[in-house]
Amino acid sequence: MSNKDYRPTLAQLRTFVTIAEHKHFGTAANKLQISQPSLSQALVALEQGLNIQLIERSTRRVIVTAAGEQLLPYAKATLDAADSFLNQSRGASGPLSGQLAIGIIPTVAPYILPEFLTLVNETYPDLEPLIVEEQTHHLIQQLRDGRLDLAIIALPSEAPGLVERPLYKERFSVVVHSDHPLANRNNVKLKDLEDLDLLLLDDGHCLRDQIIDLCRAAQVNPSKSTNSVTRAASLTTIVQLVAAGLGSTLVPESAISLGCGRPNLAVSHFAKSVTAEREIGIVFRSSASRSEAFEKLGDLVTQAFNTAIAANKAHDVVAE
């Protein structure tokens, strides 16, 4: 029989939820940044207090029991409510003041982050942004876990429980070696991708998936036009490989002025009639209490993007 006076702690509930989501004690302990013995103790204390087995553990498998599956949504809802309480308290002295954890994908961060943070400091001097640069799936998980307040990613995220707000669309440009037949053209067509040996980011980067989808939309075999052997963790590395004559790539237009000014590189643009773009937006939990404030931050992200695009136009003038 359960103890009627027992009240689980948030730490115990978070332990249960994290183990249930990852089904691995080591992974859950690392995610919560605690030791495995502490993790096990928290789970045991929760199960003993409730007099219910929530998790079956063996040397090989971790299984959520039927009772655990039934109680899991309530545990998550409790944690979401606690996170909303904290978010509200952080904004009690103003909707955009205090610490705010912001996630951003690597193919956006280098190109707009400096200008964005400058605008934040000027517009909201009481705000303390904490920036996390990660791939989209990591940012989504951290949003769900309450470790991030919002994230700047490519849309759509298609993640349940999150609100999306589109901010801007940016076109892709083609980066080739300076002696390539497509160099410095402004009328590139999707079919021209067939003539490129495209270098892509590694798995997990949404930009990689977007370029592959673009190839498919052009009825270009992705495996034929993309270099499936050479993959990199950053656009900077890929652009350096292009400069060395090892292939070509596509970059978002915000990356041109910062990443494509090296010798032996040429930037070409798709014809205006061609749809080759991605949409960037902000996402946050649907339970967030500061959605209007987050949208104001989104406006600053758009401003930072427009500044990057203005720099690109200057880059094109110099290149000419």
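Select Gln210 to begin; its place is in helix α7 (residues 206-217). Helices (H or I, at least four residues) and strands (E, at least two) are DSSP runs, numbered from the N terminus. This is a predicted model, in which local features need pLDDT of at least 70 and side-chain atom pairs count only at pLDDT 80 or more, while totals for chains, interfaces and linings use all residues. Residues are numbered from 1 along each chain as its sequence is written, and side-chain values use heavy atoms, with hydrogens and water left out.

Is Gln210 buried or exposed? Its relative accessibility is 18%, so Gln210 counts as buried. The terms are as follows: buried means under 20% relative accessible area, exposed over 50%, and partly exposed in between (1.4 Å probe, protein chains only). Now display Ala154, Phe172 and Arg278, which Gln210 touches when residues up to four places away in sequence are not counted. Contact here means heavy atoms within 4.5 Å.

**The whole chain**

Along its principal axes, the C-alpha trace spans about 80 × 50 × 30 Å. Of the 320 residues in the chain, 48% are buried. Among contacts with a separation of 6 or more, 75% are between residues 24 or more positions apart.

**The nonpolar cores**

Next, select Ile112, Phe116, Phe270 and Leu297. These residues have the most contacts inside the largest nonpolar core, which has 83 residues. A nonpolar core is a set of buried Ala, Val, Leu, Ile, Met, Phe, Trp, Tyr and Cys residues joined through side-chain atoms within 4.5 Å. Helix α11 (residues 291-319) supplies the largest share of this core, 8 residues. Why does the core lie between domain 2 and domain 3? Domain 2 (95-168 + 280-318) and domain 3 (169-277) both give residues to this core, so the core lies between them. The domain bounds come from an automatic or database domain assignment.

Remain at Leu297 and show its contacts. Leaving aside neighbours within four places in sequence, Leu297 is in contact with Leu96, Leu100, Ile102, Phe116, Val120, Tyr124, Leu127 and Leu150. Then move to a second, separate core of 19 residues, which includes Leu13, Ala28, Leu54 and Val62.

Thr18 touches Ala28, Lys31 and Leu32, not counting residues up to four places away in sequence.

**A strand residue**

Select Leu130, which lies in strand β4 (residues 127-133). Leu130 has a relative accessible area of 41% and is therefore partly exposed. Its contacts, leaving aside neighbours within four places in sequence, are Gln99, Leu100, Ala101 and Ile102. Draw a C-alpha to C-alpha distance from Leu130 to Pro8: the two are 30 Å apart in space and 122 residues apart in sequence.

**The cavity**

Finally, select Tyr111, Leu235, Thr236, Val239, Val251, Ala255, Gly259 and Cys260, the residues that line the largest cavity. On a 1 Å grid over the protein atoms alone, a cavity is a set of points where a 1.4 Å probe fits but cannot get out, and lining residues have an atom within 4 Å of a point. Helix α9 (residues 235-243) gives the most to this lining, with 3 residues. About 40 Å³ of space lies in the largest cavity.

Key:
On a 1 Å grid over the protein atoms alone, a cavity is a set of points where a 1.4 Å probe fits but cannot get out, and a pocket is an open set with protein on both sides within 12 Å along at least five of seven lines; lining residues have an atom within 4 Å of a point. Grid points are joined across faces, edges and corners, and a volume is the space filled by probe spheres set on the points.
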